[in-house]
Amino acid sequence: MGAFLGSHFLPRIGGIREKLIVRLGRRIYFAGYGILSLVLLAWVIHAAGQAPYVKLWPQESWMRWLVNLAMPFVFLLTTCGIGVKNPHTLGGKSTAEFDPKHPGIAAVSRHPLLLALLIWALVHLLANGDLAHALLFGSFAAFPMLAMWGFDLKAKRLSETQENELLTKTSWFSLAPVFQKVWWKQNFRTLSLRVALGLFFWVGALHLHATIIGAWPFP
């Protein structure tokens with residue numbers, strides 16, 4: 001966990017991240033960074049699976065049902081949230097200008113990827129009642145909450161008009177835009193393909209969960 005979380009915080013110290021982006025190029029840097037993150041994530045999950053089993057609370061069948069109900073939303077938030085029009089979040093376009101009249105997925109959440117990580121961690125924390133996985137998913141739940149707070153604090157410090165509108169006209173999570181026709185008219189073409197991809201990856205992950213992770217996902 002120290003290696004995984006450190007890989008996210010250390011590059012921001014002393015401008016290391018910016019220097020590497022200048023030297024390698026933005027695309028190469030983030031491709032390499034993404035691969036490193038996936039490798040470290042796989043290592044952490046494997047380590048938690050190999051750790052001694054120390055029971056903290058019993059596993060109930062409804063806990064796994066909760067995971068299976070939540071995971072489609074996690075995948076939809078992920079596929080729809082990549083490139084969100086918010087430079088102050090994980091996966092947001094750094095050059096994007098927030099438009100309150102056309103907020104896109106930011107109307108649902110200004111931090112969709114971090115929210116997806118938070119939901120994933122919380123439901124898996126509940127469904128895994130042993131010490132190793134409590135440490136694993138508890139840490140993953142704390143990370144996005146701290147990150148969302150930190151990103152919002154940074155945007156507030158800039159105190160520019162766009163940043164102020166971003167904070168006042170969006171939230172960490174709201175379903176209100178989903179029930180508005182104007183929002184769907186503005187975003188249907190963009191989001192329809194992403195929704196389809198999200199559901200496709202969810203079905204794939206569900207059926208490969210036992211093979212890759214080693215845990216049967218159904219009750």
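## Second largest pocket

About 420 Å³ of space lies in the second largest pocket of this predicted model (a pocket is an open set of points on a 1 Å grid over the protein atoms alone, where a 1.4 Å probe fits, with protein on both sides within 12 Å along at least five of seven lines; a volume is the space filled by probe spheres set on the points, which are joined across faces, edges and corners). The lining of the second largest pocket has 15 residues, and F73, L76, V108, L175 and V178 are those nearest its centre (lining residues have an atom within 4 Å of a point).

By class, this lining holds 15 nonpolar residues, no polar and no charged ones (Ala, Val, Leu, Ile, Met, Phe, Trp, Tyr, Cys and Pro count as nonpolar, Asp, Glu, Lys and Arg as charged, and the others, Gly among them, as polar). At least two lining residues come from each of helix 4 (61-81), helix 5 and helix 8 (181-212) (helices are DSSP runs of H or I, at least four residues, numbered from the N terminus).

## Helix 4 against helix 5

The axes of helix 4 and helix 5 cross at roughly 165 degrees and come within 9 Å (axes are lines fitted to C-alpha atoms over the stretch in contact, and angles run from 0 to 180 degrees between N-to-C directions). Helix 4 is therefore roughly antiparallel to helix 5 (an angle over 145 degrees). Their crossing is left-handed (the near helix is turned anticlockwise from the far one by less than a right angle).

On the helix 4 side, the contact includes W62, L66, A70, V74 and G81, and on the helix 5 side it includes P112, A116, I119, V123 and A127 (contact means heavy atoms within 4.5 Å). The contact of helix 4 with helix 5 divides into 17 nonpolar, 3 polar and no charged residues.

## Helix 6 and its two partners

Helix 5 (residues 112-127) packs on helix 6 (residues 131-158) at about 155 degrees, with the axes 8 Å apart. Helix 5 and helix 6 are therefore roughly antiparallel, and their crossing is left-handed. Among the residues that meet are L114, L118, W120 and L125 in helix 5 and F137, F140, M148 and F151 in helix 6. This contact has 18 nonpolar, 3 polar and no charged residues.

Helix 3 (residues 26-50) crosses helix 6 at roughly 150 degrees, with the axes coming within 8 Å. That makes helix 3 roughly antiparallel to helix 6. The crossing of helix 3 and helix 6 is left-handed. L41, V44, A48 and G49 of helix 3 meet A132, H133, L136 and F140 of helix 6. The contact of helix 3 with helix 6 comprises 6 nonpolar, 2 polar and no charged residues.

## Basis of the values

Residues are numbered from 1 along each chain as its sequence is written, and side-chain values use heavy atoms, with hydrogens and water left out. Because the model is predicted, local features need pLDDT of at least 70 and side-chain atom pairs count only at pLDDT 80 or more, while totals for chains, interfaces and linings use all residues.

Definitions and conventions:
Parallel < 35°, antiparallel > 145°, perpendicular 65-115°, else oblique.
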